[in-house]
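Here is a walk through one protein model.

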Amino acid sequence: PGAPHHSSGGRMLCAPRIWLDLRGPGVLETLGILTLVLCSCSGKRPACSSCLSFSGLGHVFIHAESSLYSLPCSPIEMEVPNPAYRWVHDREDSRFLTVSEQGHLLFKQFQAGDSGNYSCTISYVERGLPVSETFHYSVLGYHVLGGLETVLLFQSNLCDEERTKRFLWILQESLGHLAAEQHCKFQLTGASCFPTLHEPSREVFVQVQLQVSLFGPHWDEHCNSQDPETVTDCYHTAVQQNLWQVQLALNRFFKEHKSFHVTEAHIPPATFTNKFVGFLKTERCSGGYGQTKQLQRCLDCCIVCPPGTFSPPKDSQCSPCPVGTYSLLYGMAWCTPCKEGLTTRATGSSSMENCVKEEEAEQAVSTMRRIPLLTLSIVIPLLVIILLLILSYCYWTHQQRQMSSPNASKRTETTKMMEMVTKFFGISKQSPHAGPDAVTANATISSDPSTSQGAEMEQMHQVPSLAMIPYFADVTDKTSPVPTASDK
């Protein structure tokens, strides 16, 4: 029941996963791992003297009070010669673990404290050399929702503490036989006395709160499926059926046992007569469990609280242990307080070693309070400086663009103006500083048609410079002289 969830597993993996087993001799083990990885990726498995494999940490959810759960060493079927299996628990001596001949770890009547990290190593000989492969699992207990609270009302002639305790003990013993028949558990959670209305001086009522857990021995005997979805549905069905059967059995029981007699040598005799039986169905987690939504196939199931957290019996959330307390095991309903004069530095402590002197804890708390202030005093000025740098850069870039844009437009306008003036006066073939000699030179050069044509084309492709602007201004203001006949 409750097939395990494995993240990975196999004889060898081509990529390393978490939970590397580094308990070997160090360098040799690392070389062995690299050799196995390369050979595995190439499809060949070498024979090596100190081989070690690894697998991911797979989550395994086991229902509370499961009759028998069998966890295999490897998540896949392995055919190896004469394997040897070794299971290790991080919080329990491996000698107390029950392992089958096939190497399966067996859990009988699984309890919340059985949760934890387990690892299994398979050792065998291949090609005359020893080989070992290790797989790791995180085992967590859980249970489906469903319970029953019963209110019992008894009438008696006197409410005495000693006689009431004796009566509750007798009632618990009588209900024990019924619990074994119905595969459930009964727990008395409280009792109180108050006088009756008819004869308050001579008669009293004793109210007893009885909590019924439907997960007793062999409660899941009809759920033998290995499919996670199927077995979870079976658990829900079994809880509903057991709930109805327990109500009928309790009604029948108290009709047959109307009175309970307390007769002890040192206690005056008393009779407790049943007057009322009431039932209330509950949908709360058991003590030490919380709805953490870790189990995807059953989001409303209650998962065991890990070390450092707790969950009271009528709460459905795992809360961190307060300052000054700790919890060592899985499934704790209450946290253990530190010894007198000791406390913890923070909430959620999972070890007794976290309990330190109160002075040390106060210093640690004051230091932790100073750290945010120091961080803010450093971070805020840095942010301001960075912001100023960004703004300065943006402003500088904007100014550069404004300065470059007008110059470009002015040059474009100047170029166009010079071209218009040149075309209008027909002097594009003359240099800006040319005199009469330049005119003669031009006339001489123009006698060669090819030379004149090349020079003319070269001058057409030249871009006028700003130095030509005054020359054109002079030509525009003065009148060109008219050549005489002698000049011609």
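A polar atom of the Thr344 side chain lies 2.7 Å from the backbone nitrogen of Gly324. The model is a predicted one. The side chain of Thr344 also reaches the backbone oxygen of Ala346, at 3.1 Å. Where does Thr344 lie? Thr344 is in the loop between strand S20 (342–343) and strand S21 (356–357). Thr344 counts as buried because its relative accessibility is 2%, and buried means under 20%.

Now turn to helix H2, residues 161–182. At its start, a side-chain oxygen of Asp160 comes within 3.1 Å of the backbone nitrogen of Glu162. H2 has 22 residues, so at 1.5 Å a residue it should span 32 Å. Its end C-alpha atoms are 31 Å apart, which agrees. H2 bends by about 25 degrees at Gly176. Just after H2, His183 takes a positive phi of about 55 degrees.

What does H2 pack against? Its buried residues include Phe167, Leu168, Ile170, Leu171 and Leu175. Arg163 and Gln182 are also among them. The buried residues of H2 pack against helix H3 (228–256) and several strands, including S9 (147–156), S10 (185–195) and S13 (267–282).

Finally, take in the whole protein. Its secondary structure comes to seven helices and 21 strands. Of its 488 residues, 35% are buried. Among contacts with a separation of 6 or more, 67% join residues 24 or more positions apart. The protein exposes about 29600 Å², and carbon and sulfur atoms supply 59% of that area.

Definitions and conventions. Residues numbered from 1 in each chain as written. Predicted model: local features only at pLDDT ≥ 70, side-chain atom pairs only at ≥ 80, totals over all residues. Heavy atoms only, no water. Helix = DSSP H or I, 4+ residues; strand = E, 2+ residues; numbered from the N terminus. Buried < 20%, exposed > 50% of the residue type's maximum accessible area, 1.4 Å probe, protein only. Contact = heavy atoms within 4.5 Å. Areas by Shrake-Rupley, 256 points an atom, 1.4 Å probe, with all protein chains shown as cover. Polar contact = N/O pair within 3.5 Å; in protein donor to acceptor, adjacent residues only side chain to side chain. Expected span 1.5 Å × (residues − 1). Bend = angle between axes of the 7 residues up to and from the residue.
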